[in-house]
Amino acid sequence: MYHFTPAAALLGGLLIGLSATLLWSLNGRIAGITGILANALENQDDDAAWRGLFLLGLVLGASAYGGLSGTAAEQLRHGFPWWLLLLSGVLTGYGTSLANGCTSGHGVCGLGRLSVRSFVATVTFLGVGVLTTYLFRHVLVGVL
């Protein structure tokens with residue numbers, strides 16, 4: 001993203017927190033996106049409706065932000081080849097299965113519950129993310 005806007009970041013964080021709180025208080029469920037998606041795809045639960053609506057809300061919310069802010073999705077991933085984005089998604093999915101949860105489940109919900117396991121997972125997610133960003137932005141410049 002080229003132009004960081006603290007107001008948009010704050011609003012986004014508040015909406016994520018509100019969504020996680022509402023899902024927990026109204027439905028008794030943790031807003032772990034990986035688990036919501038996996039269970040929706042596997043049809044393990046009889047409550048696929050809320051899972052589908054939650055996931056649809058993520059897509060529609062991101063689309064609405066892109067439309068209202070004039071920021072196209074292509075600008076957000078500028079400079080990265082499609083195969084690298086695909087590989088990143090696969091590795092992220094693998095990592096979330098190893099950690100028994102994703103950044104939203106551990107970072108938003110787990111930290112809110114003061115879970116030590118979620119703290120360790122979140123520090124690991126963030127540390128690897130910072131290291132990977134540094135490598136791709138400063139060390140491997142022009143290689144890919």
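**View 1. S118, a buried serine in helix α7.** S118 is buried, with a relative accessible area of 4%; buried means under 20% relative accessible area, exposed over 50%, and partly exposed in between, with a 1.4 Å probe and protein chains only. The residue sits in helix α7, which spans residues 116–139. Helices (H or I, at least four residues) and strands (E, at least two) are DSSP runs, numbered from the N terminus. The side chains of S118 and H106 are joined by a polar contact of 2.9 Å. A polar contact is a pair of N or O atoms within 3.5 Å; within protein, one must be able to donate a hydrogen and the other to accept it, and residues adjacent in sequence count only if both atoms are side-chain atoms. If neighbours within four places in sequence are left aside, S118 is in contact (heavy atoms within 4.5 Å) with H106, G110 and L111. A word on what you are looking at: this is a predicted model, in which local features need pLDDT of at least 70 and side-chain atom pairs count only at pLDDT 80 or more, while totals for chains, interfaces and linings use all residues. Residues are numbered from 1 along each chain as its sequence is written, and side-chain values use heavy atoms, with hydrogens and water left out.

**View 2. The largest nonpolar core.** Eight residues make up this core: A20, L23, A31, I36, W50, F54, L55 and C109. A nonpolar core is a set of buried Ala, Val, Leu, Ile, Met, Phe, Trp, Tyr and Cys residues joined through side-chain atoms within 4.5 Å. Two or more residues each come from α1 (6–27) and α3 (48–69), and α3 gives the most, with three. Look also at A31: apart from neighbours within four places in sequence, its contacts are A20, L23, I36, F54, S104, G105 and C109.

**View 3. The second largest pocket.** The space in the pocket is about 290 Å³, a volume being the space filled by probe spheres set on the points, which are joined across faces, edges and corners. At least two lining residues each come from α2 (33–42), α5 (82–98), α6 (103–112) and α7, with the largest share, three residues, from α6.

**View 4. L114, between two helices.** L114 is found in the loop between α6 and α7. Is L114 buried or exposed? At 75% relative accessibility, L114 counts as exposed. Its phi is positive, about 60°, although L114 is not a glycine. Most residues other than glycine have a negative phi.

Key
On a 1 Å grid over the protein atoms alone, a cavity is a set of points where a 1.4 Å probe fits but cannot get out, and a pocket is an open set with protein on both sides within 12 Å along at least five of seven lines; lining residues have an atom within 4 Å of a point.
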